[in-house]
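Please look over the sequence and the model shown below, and then read the report beside them. The headings follow the sheet, the helices, the loops and the ligand in turn.

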Amino acid sequence: MTAPLYANQYDLIYASKIFDFSPMPTLPDHAIVGGSGIDLTSKLDENIEHIYPDYELYDCDYAMGYTSRGCNRRCPFCIVPKKEGKFKIACDDIREFWRGQERLVFLDNSMNTNEDHFCKILAQLMGMGVSVDFSQGLDIRYLTDRQAYHLHATKTFKRIHFAWDFIQIEKAVRQGIEKLERYRLASRSMFYVLIGYNTTPEEDTYRVEVLRGLGVDPFVMPFDKFNQYQRDFARYVNHKAIFKSVKWGEYRA
Ligand code: SF4
């Protein structure tokens, strides 16, 4: 049997398990295990939440952390509202988890929900030479001109991603993309498009074609990865050389 990792070297061991389907690693009996793979209610103590991370433990050359928790939306397929509740600011000083690293990954679920907070955080990074990634995406419905201005001035090392999951939000998507265009952000952005949840194939094609027409890249996310249509459509859209050269009706998988 494998010896428990770090069993004799630390007073307390906390572990987080994200998915319920992933295997549980070998841990000492006294390890405190939480995370969405275990349950949706356990929380870390506030003082632990706000400790500056020891990135050397993970051999990690970038900083990461949350400036907010929760989300005000209620997408039925998402556990964030159940786990974290409504949007709330968790930290308003970026030095809590960033101290000069060249890259910084934000883990917030919906960081631009609050305009003042979002702009305040990005203003702290201006002129610092840091490049960021909004790893969980931003909400196009909340995007304001002021946010777009701050985004324009922020270096990013990955595309800025938004989502168009529900056909009903077309108007907000179009208005948001106008703002992205105004601040020269469209070519730095992409949109996740959820398929197979509550949209028809016609609505899927419609959304990716609208995005194509507006000059932003769609990226299809199948709800059911084993469904043949969803797999084919995702491959068609996400393979950019194919997407740019043929229409869906002409595509043969
Ligand atoms: S907007 Fe994102 S984080 Fe919020 S409920 Fe929907 S999927 Fe979850």
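## Terms and basis

Two strands are said to pair if DSSP finds at least two bridges between them. Helices (H or I, at least four residues) and strands (E, at least two) are DSSP runs, and both are numbered from the N terminus.

The model is a predicted one, in which local features need pLDDT of at least 70 and side-chain atom pairs count only at pLDDT 80 or more, while totals for chains, interfaces and linings use all residues. Residues are numbered from 1 along each chain as its sequence is written, and side-chain values use heavy atoms, with hydrogens and water left out.

## Overall build

The protein has eight helices and 11 strands, and its C-alpha atoms fill a box of roughly 60 × 45 × 30 Å, taken along the principal axes. Of the 253 residues in the protein, 38% are buried, where buried means under 20% relative accessible area, exposed means over 50% and partly exposed lies in between (1.4 Å probe, protein chains only). Contact means heavy atoms within 4.5 Å, and among contacts between residues at least 6 apart in sequence, 66% join residues at least 24 apart.

## The four-stranded sheet

Four strands form an open sheet with the order E3-E6-E7-E8 and parallel pairing. Strand E3 (63-65) and strand E8 (155-156) are the edge strands, each pairing on one side only.

Within this sheet, strand E6 (residues 103-106) pairs with E7 in the parallel sense over four bridges, and Phe 134 in E7 is the bridge partner of Phe 106. E7 and E8 also run parallel, joined by two bridges, with Ser 131 standing opposite Lys 155 in E8. Strand E7 (residues 131-134) sends Ser 131 and Asp 133 one way and Val 132 and Phe 134 the other way, and all of them are buried.

## Helix H6 and its cover

Helix H6 (residues 201-213) has 13 residues, which at 1.5 Å a residue should span 18 Å, and this agrees with the 18 Å between its end C-alpha atoms; the expected span is 1.5 Å times one less than the number of residues. Which residues of H6 are buried? They are Asp 204, Arg 207, Val 208, Val 210 and Leu 211. Seen down the axis of H6, these buried residues fall within an arc of 155°, so they line one face of the helix; the arc is that of the directions from the helix axis to the C-beta atoms. As background, an α-helix has 3.6 residues a turn, so residues three or four places apart point the same way.

The cover over the buried residues of H6 includes helix H5 (170-182), strand E10 (189-195), strand E11 (217-222), helix H7 (228-238) and helix H8 (240-245). On the other side of H6, Glu 202 and Gly 213 are exposed. After H6 comes Gly 215, which has a positive phi, near 85°.

His 150 lies in helix H4 (residues 145-152) and counts as buried at 12% relative accessibility. Apart from its neighbours within four places in sequence, His 150 is in contact with Cys 119, Leu 122, Ala 123 and Met 126.

Ile 32, by comparison, is found in strand E2 (residues 32-34) and is partly exposed, with a relative accessible area of 36%. Neighbours within four places in sequence again left aside, Ile 32 is in contact with Leu 12, Ile 13, Tyr 14 and Ala 15. The C-alpha atoms of Ile 32 and Lys 155 are separated by 37 Å, the two residues being 123 residues apart along the chain.

## Loop residues with positive phi

Asp 59 lies in the loop between helix H1 (46-49) and E3, and its phi is near 50°, a positive value in a residue other than glycine. Asp 59 counts as exposed, at 74% relative accessibility.

Arg 184 is in the loop between H5 and E10; phi of Arg 184 is likewise positive, near 50°, in a residue other than glycine. At 63% relative accessibility, Arg 184 counts as exposed.

## Around the ligand

Which residues surround the ligand? They are Cys 71, Arg 73, Cys 75, Phe 77, Cys 78, Pro 81 and Asn 109, a residue being near a molecule if one of its heavy atoms lies within 4 Å of it.

This shell divides into five nonpolar residues, one polar and one charged. In that division Ala, Val, Leu, Ile, Met, Phe, Trp, Tyr, Cys and Pro count as nonpolar, Asp, Glu, Lys and Arg as charged, and the others, Gly among them, as polar.
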